[in-house]
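Here are my notes on the ligand sites in this entry. They are set out as numbered points, to be read beside the sequence and the coordinates.

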Amino acid sequence: MTFTRTYDVVDEAVAAGYFPPRHPVVITAIDELAPGVVRMAFRDPYIAEHARPAQFVNLFTDDEMMLMPRPFGVSEVNGDEVSIIFAVVGKGTANLAAKQVGDSVDVLGPLGMHPFKVKDKAHYVLVAGGLGVPPLICAAQKLYDAGESKVTAVFGYRDVKFADDIVAPYADNVLSIDNEHGNVVTLLDQLESENGLIVDGLDTVLLVCGPLPMMKAVAAWAAKRDLACQLSMEQRMGCGYGTCVLCTIDTVDGRLKVCSDGPVFSREQLGWGE
Amino acid sequence: MTFTRTYDVVDEAVAAGYFPPRHPVVITAIDELAPGVVRMAFRDPYIAEHARPAQFVNLFTDDEMMLMPRPFGVSEVNGDEVSIIFAVVGKGTANLAAKQVGDSVDVLGPLGMHPFKVKDKAHYVLVAGGLGVPPLICAAQKLYDAGESKVTAVFGYRDVKFADDIVAPYADNVLSIDNEHGNVVTLLDQLESENGLIVDGLDTVLLVCGPLPMMKAVAAWAAKRDLACQLSMEQRMGCGYGTCVLCTIDTVDGRLKVCSDGPVFSREQLGWGE
Amino acid sequence: MTANTNSNEHVNLYEPHEWKHSTKVAGVTWKNPVGTASGTFQYAAVRWFYDVSQLGAVCTKGVSPVPWEGNPSPRTTEGPASNLNAVGLQNPGVDHYLVDDLPKLKKIGATVIANVAGHCDEDYCEVVAKLADCDADMLEINVSCPNVTHGGMSVGTDPVALSKLMDKLRPMTDKPMIVKLTPNVTDITAPARSAVEHGADALSMINTLLGMRLNIKTGEPIIANRTGGVSGPAVLPVGIAAVYRVRTVLPEVPIIGIGGIDTGEKALEYLYAGANAVEVGAAALFDPVAPLRVARELDDLLDDRPELAAKLAAGQTWR
Amino acid sequence: MTANTNSNEHVNLYEPHEWKHSTKVAGVTWKNPVGTASGTFQYAAVRWFYDVSQLGAVCTKGVSPVPWEGNPSPRTTEGPASNLNAVGLQNPGVDHYLVDDLPKLKKIGATVIANVAGHCDEDYCEVVAKLADCDADMLEINVSCPNVTHGGMSVGTDPVALSKLMDKLRPMTDKPMIVKLTPNVTDITAPARSAVEHGADALSMINTLLGMRLNIKTGEPIIANRTGGVSGPAVLPVGIAAVYRVRTVLPEVPIIGIGGIDTGEKALEYLYAGANAVEVGAAALFDPVAPLRVARELDDLLDDRPELAAKLAAGQTWR
Ligand SMILES: Cc1cc2nc3c(=O)[nH]c(=O)nc-3n(C[C@H](O)[C@H](O)[C@H](O)COP(=O)(O)OP(=O)(O)OC[C@H]3O[C@@H](n4cnc5c(N)ncnc54)[C@H](O)[C@@H]3O)c2cc1C
Ligand SMILES: Cc1cc2nc3c(=O)[nH]c(=O)nc-3n(C[C@H](O)[C@H](O)[C@H](O)COP(=O)(O)OP(=O)(O)OC[C@H]3O[C@@H](n4cnc5c(N)ncnc54)[C@H](O)[C@@H]3O)c2cc1C
Ligand SMILES: Cc1cc2nc3c(=O)[nH]c(=O)nc-3n(C[C@H](O)[C@H](O)[C@H](O)COP(=O)(O)O)c2cc1C
Ligand SMILES: Cc1cc2nc3c(=O)[nH]c(=O)nc-3n(C[C@H](O)[C@H](O)[C@H](O)COP(=O)(O)O)c2cc1C
Ligand code: FES
Ligand code: FES
């Protein structure tokens, strides 16, 4: 092959007015937040600059038996450094989890044409279940940087509360719960009864990511109260950038692509909780 | 998977009375003898103890896109260390050449049920062309250790004479030539005219390995003089241990397997130079 | 140790490049022998990554008479060195294509192959009727999708059904018509002959192999459609054999080789097997710029093969 | 970081092992569901590496009425995650088999499947006649080798020819007869049905896919036979789809799943697709002990799947 993989391709693409192709980045940190839950950080100035909440990156294993991309939501950005948090659920995530600081990994992103909309001043309630936290950490960080809105994180975990500390610096309020004690709806009810839904005169907007049943329950909860509710969806993907139509979900507008028509959809689009 | 690859499997197999399966070994040395010609050494007590001249080892790349074994003749054995010498000719050898000291590589061997026969006391003329040198270095070393025979190395190279120094300690006489100045037959003629073919009363036996045309020419040369001539053959292989019948060559006895009916065949078997 | 036998020189894909080696497929000149494979190229997505007009050709996603919603999700998983897909030809329909993708691609100067999908002969006819005088440079009739049913299996597996279809389509347009064949047949030379005898100007092959994966936690199929089409590196030898065998029985027909191409070397192997050009599919899922990279690698490899390059430029092939 | 989600505990393959999960194929009990695939197992070679009687079954290399010399060399090359082979069924003939491999294997207590090869119906008949009362536990009729010709293609691609062959073979023996199918067909369920309707007690699938590679330095085919059969990890999804589809139309017939198996997990996937047992082929080229390792891995995986394990032991399947 005449072409080596180098980060140079990012600069070359950008100089020519294009989006960066797949390229290698250097891992700057990798650690286990909870059993089987890994945080990985890598240096990528382009993604760091451009990533918006609920956008994701495609990571590639170094085993060509597993060629398909593994998509992960961007969680935090610190300078040039981009963090993701993922659960080891199969061979691909096991391969990625075995990487060391200083190793390189191939990445494509940031992807997802429709991220969370966080421009309006509001009371954002960030509702996540399990490995749904990364996009909401990213949302919290952006909202915190903008400094105009109120942010309440409502996180549900299976057991270890691995993301509370991470989101805390960016949120006004962090509520969390594990499976044994209830779920995020328990927390939402509690939030409503304790603080009401209008905080400092700001309307409540729900940003949600997590397992399907949890998202449906939250959408139903929001629908009953007529709250705006944006949900970040998952689907098995091919390309991640809109070329293969492999990642569709059924919406009231037909079969839409999670990668390029999403990953964020409104509950109206999903027809949930009507 | 429940099974990890470890050198332990060698001991386990041997303890149970079996031949070792594929197993990882640690690379102890790797350097370039000539442009594109690599010597690699690895620690493998089993192979070191059992390898006989013209036996080979199957090496495996760490890229599962290239699953087939790469067979290489054992060249030298020093204590627990086994050396091979190979040319980088394609993607597999390029992958192996990119390894570093301390890396591990999977190996199966020693393979080849019919090595050079070097038990008889004789004047062994070791004739090699290009990357045919490894089995002859191995033969020289075994003959030197036995200490009974006379050894003349007759090596033909494309250009750099990368193996003269390696074989020298084990040979009574080293003759070599590069393509620009002739070929091994030139040297054999010279040897015959200068020393005659009976040295110290010992009959001459030719052990040969190299490119096909060169081997045929040597076999013809030997036939004319009615000299014993053993030739180590190559063929694209599947298993390397006799199970797949993928490595056949045509002999007077029919299609035989290079790996388990060879790799060494007599010129009579090959029907060459009659 | 790193033996420096592979030139690992980095090439900037974004700098202007004069293509050195063109090809000709059924009279249409491609600026290089590398196109995209249908279903892995959407202009709206790929245009962000590179100037797609640089490719030899772009083959667009299959279009049907009306919008199709395709199969339910999940639609994809992976195999060893492969992708499995069961899109089921979701697409917004030919009318949308004619006012959106096609004019945009022609505006930037791309050589365009319009891929035609159908569930029955009438579908194909309706689409070809609408494309008969459009701006596309070539039509590719996809009679080989394993993920839609057409009386039980795709029309491309039945030489007689294929000949009847071609007899209807051929009179409808003067555009060069490529028939895209499936490897899921006993003998690919049979539909190949049938297509050519009934008016195909060129053939492309292969479409995906029928395949399946199950989840060993649940014991159930991963893809909602259960089976899907296998593509990517794993299918390379199957695609090469298909091209070689068809070339052997049809020495004159232009052939576009498809299946498992992700490097210039693999593209070259197809050309030696007898292809006039190639299309790159799944590789674009693993890297958006793969088709352009393959084209550039091949352009350099052809420098050392003047005989092959000359044949291709003249519309001939290695075999 | 290394997440310790995979148990990387090392297991000694050579220690005595009590198999926990058996299977039953056409009335024959296998001590575990993993056998060798024909053509990748020769007793004389493999016996050095492990006690082959430990396997569920050993399927031996195809035998013909007289010794065959097979194809010229080179006979092999590789594809991405695959092997290509064109042995052309070289073997020393059925008479040799009856006095050499078979008695040796039966002496050590192996469950033996004798694989039968032929160029024409008479060949198969002659071999089956000689094997009719031998010690082999099962016969596997290989009607699916892509590397030998039988009127242009293998008899396994033509359901009618296959039914005629089976009508001849079936009355010749009471031994359980497995018919081994090729994936190189338009619809694998057609020969499957035909075989079963004409007396096959079980089916095995898949044999190799037709494939090819060329040398890009010379532009010529690498294998002397030009095309060869593709096997190994790359073909996994194709084999699984074949088993699943046949299982769907033939709910009762015992099926042996073959193709791309190199781990217990992949063997398990075949069982979930509907297979009663599996055979391991090319993996033995990459590691001689692969079949035994797969068997041991599967034996552990079945511990957590009592429902599946119970069905297999009773001669039933997941689907
Ligand atoms: C937009 C998006 C964002 C995501 N963000 C996160 C995140 O921040 N953290 C996190 O832990 N996980 C996230 N996921 C899920 C994550 O991509 C999968 O868990 C991961 O790909 C599984 O890979 P594997 O090889 O371990 O699993 P395997 O099951 O071995 O993978 C086989 C194939 O299926 C695909 N696949 C399997 N599960 C999923 C899934 N749930 N979603 C999509 N593809 C899947 C894999 O990508 C691969 O192609 C996200 C998924 C999407 C679509
Ligand atoms: C018994 C035996 C001993 C050998 N000893 C040596 C040695 O000591 N030093 C050395 O440099 N070479 C030796 N060779 C040749 C060596 O095995 C090949 O050069 C090497 O496998 C090429 O691998 P590759 O991936 O770089 O080439 P590729 O062409 O990319 O390989 C593709 C496939 O073809 C096979 N292949 C390609 N060329 C050969 C060949 N000449 N012989 C066998 N298989 C081939 C490869 O193993 C692989 O399976 C020996 C071959 C045999 C059979
Ligand atoms: C996601 C996806 C969608 C596809 N859609 C189409 C299609 O609409 N029409 C078509 O003719 N082929 C389609 N194909 C097949 C490809 O064009 C190509 O023939 C096949 O994938 C083999 O090439 P590859 O190995 O390079 O992917 C599709 C393939 C993939 C992976
Ligand atoms: C070298 C080789 C030789 C084979 N010979 C035979 C044979 O003689 N008879 C047969 O039925 N199948 C033969 N096969 C096919 C295998 O038995 C098996 O069906 C195929 O390789 C797919 O399984 P795998 O992917 O595990 O290899 C052969 C395969 C290989 C690789
Ligand atoms: S993953 Fe390819 S379109 Fe969404
Ligand atoms: S390589 Fe398998 S028998 Fe020789």
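1. A residue is taken as near a molecule if one of its heavy atoms lies within 4 Å of it. Around ligand 2 there are 21 such residues, and R70(B), P71(B), G92(B), T93(B) and R236(B) come nearest. The model is predicted, so local features need pLDDT of at least 70 and side-chain atom pairs count only at pLDDT 80 or more, while totals for chains, interfaces and linings use all residues. Residues are numbered from 1 along each chain as its sequence is written, chains are lettered from A and ligands numbered from 1 in the order in which they are written, and side-chain values use heavy atoms, with hydrogens and water left out.

2. The side chain of R70(B) places an N or O atom 2.9 Å from an oxygen atom of ligand 2. P71(B) contributes a backbone N or O atom at 2.6 Å from an oxygen of the ligand, and a polar backbone atom of G92(B) is 2.8 Å from an oxygen atom of ligand 2. Taken alone, ligand 2 exposes 830 Å², of which the protein buries 84%; accessible areas come from the Shrake-Rupley method with a 1.4 Å probe, and for residues only the protein chains shown count as cover.

3. Composition of the shell around ligand 2. The elements that give two or more residues to this shell are β4 (70-78), β5 (81-87) and α3 (91-97) of chain B. Helices (H or I, at least four residues) and strands (E, at least two) are DSSP runs, numbered from the N terminus. β4(B) gives the most, with 4 residues. By class, the shell has 12 nonpolar, 5 polar and 4 charged residues, where Ala, Val, Leu, Ile, Met, Phe, Trp, Tyr, Cys and Pro count as nonpolar, Asp, Glu, Lys and Arg as charged, and the others, Gly among them, as polar.

4. Why does ligand 2 lie between domain 1 and domain 2 of chain B? Domain 1 (2-111) and domain 2 (123-270) both give residues to its shell, so the ligand lies between them. The domain bounds come from an automatic or database domain assignment.

5. Ligand 1, in contact with chain A. It is surrounded by 21 residues, the closest being R70(A), P71(A), G92(A), T93(A) and R236(A). A polar backbone atom of P69(A) is 3.3 Å from an oxygen atom of ligand 1. I85(A) has a backbone N or O atom 2.9 Å from a nitrogen atom of the ligand, and G92(A) has one 2.8 Å from an oxygen atom of ligand 1. Ligand 1 taken alone exposes 820 Å², and the protein buries 84% of that.

6. Shell of ligand 1. At least two residues each are supplied by β4 (70-78), β5 (81-87) and α3 (91-97) of chain A, with the largest share, 4 residues, from β4(A). The classes are 12 nonpolar, 5 polar and 4 charged. Domain 1 (2-111) and domain 2 (123-270) of chain A both contribute to this shell, so ligand 1 lies between them.

7. G92(A) lies in helix α3 of chain A. At 2% relative accessibility G92(A) counts as buried, a term that means under 20% relative accessible area, with exposed over 50% and partly exposed in between (1.4 Å probe, protein chains only).

8. Ligand 4. This ligand lies between chains B and D. Of the 24 residues around ligand 4, S38(D), K180(D), G232(D), G260(D) and A282(D) come nearest. Oxygen atoms of ligand 4 are approached by backbone N or O atoms of S38(D) at 2.7 Å, of G260(D) at 2.7 Å and of A282(D) at 2.6 Å. Taken alone, ligand 4 exposes 610 Å², and the protein buries 98% of that. Its shell divides into 7 nonpolar, 15 polar and 2 charged residues.

9. The unreviewed UniProt entry marks as "binding site" several residues, including S38(C), K61(C) and K180(C). K61(C) is placed in the loop between β4 (58-59) and β5 (76-79) of chain C and, at 13% relative accessibility, counts as buried.

Methods. Polar contact = N/O pair within 3.5 Å; in protein donor to acceptor, adjacent residues only side chain to side chain. UniProt positions renumbered as here; feature names shortened; annotations may be inferred.
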